Amino acid sequence: MRVLGDEYLKSEFRAHRKVENPIHIVGFLNEWQKYAQEVEGESWHGAKLDTEKVDKMSDQQLGQLYELMRAIQKQGREDPDGES
């Protein structure tokens, strides 16, 4: 699972590397910092997405979220013991 997360993280940072709007940059970095803290403490297990945040997502972000969900499901089927 870690490999999947690492690859996703790298692609997100590459996609946002040329963003110049300081508000977008701060928001992006704040969300990734929260994500890193949650993953490190494993407090994310069983957690649900904040519906307020989901409602604010663009169609592209929702598509990325769906792709991430599918990749996680596929990984779970390929490695049911979670040993990645």
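Select Trp 32 first: this residue is buried, with a relative accessible area of 15%. Buried means under 20% relative accessible area, exposed means over 50%, and partly exposed lies in between (1.4 Å probe, protein chains only). The model is predicted, so local features need pLDDT of at least 70 and side-chain atom pairs count only at pLDDT 80 or more, while totals for chains, interfaces and linings use all residues. Residues are numbered from 1 along each chain as its sequence is written, and side-chain values use heavy atoms, with hydrogens and water left out.

Now colour the chain by secondary structure. There are 4 helices and 0 strands, and from the N terminus on the elements run α-α-α-α. Helices (H or I, at least four residues) and strands (E, at least two) are DSSP runs, numbered from the N terminus.

Next, display the aromatic rings. A search of the whole structure finds 3 aromatic pairs. Rings of Phe, Tyr and Trp (its six-membered ring) pair if their centres lie within 6.5 Å; planes under 30 degrees apart count as stacked, over 60 as edge-to-face and the rest as tilted.

Select Phe 13 and Phe 28. Their ring centres are 5.1 Å apart and their planes stand at 75 degrees, so this pair is edge-to-face. Phe 13 belongs to helix α1 (residues 2-15) and Phe 28 to helix α2, so the pair ties together parts that are 15 residues apart in sequence. Phe 13 is partly exposed, at 35% relative accessibility, whereas Phe 28 is buried, at 15%.

Ring pairs link Phe 13, Phe 28 and Trp 32 into a cluster.

Turn to helix α2 itself. At 1.5 Å a residue, its 20 residues (22-41) should span 28 Å, and the end C-alpha atoms are 29 Å apart, which agrees. The expected span is 1.5 Å times one less than the number of residues. At the N-terminal end, select Asn 21, which caps α2: a side-chain oxygen lies 2.9 Å from the backbone nitrogen of Ile 23.

Finally, select Leu 29, which lies in helix α2. Leu 29 is partly exposed, with a relative accessible area of 44%.

Definitions and conventions: Polar contact = N/O pair within 3.5 Å; in protein donor to acceptor, adjacent residues only side chain to side chain.
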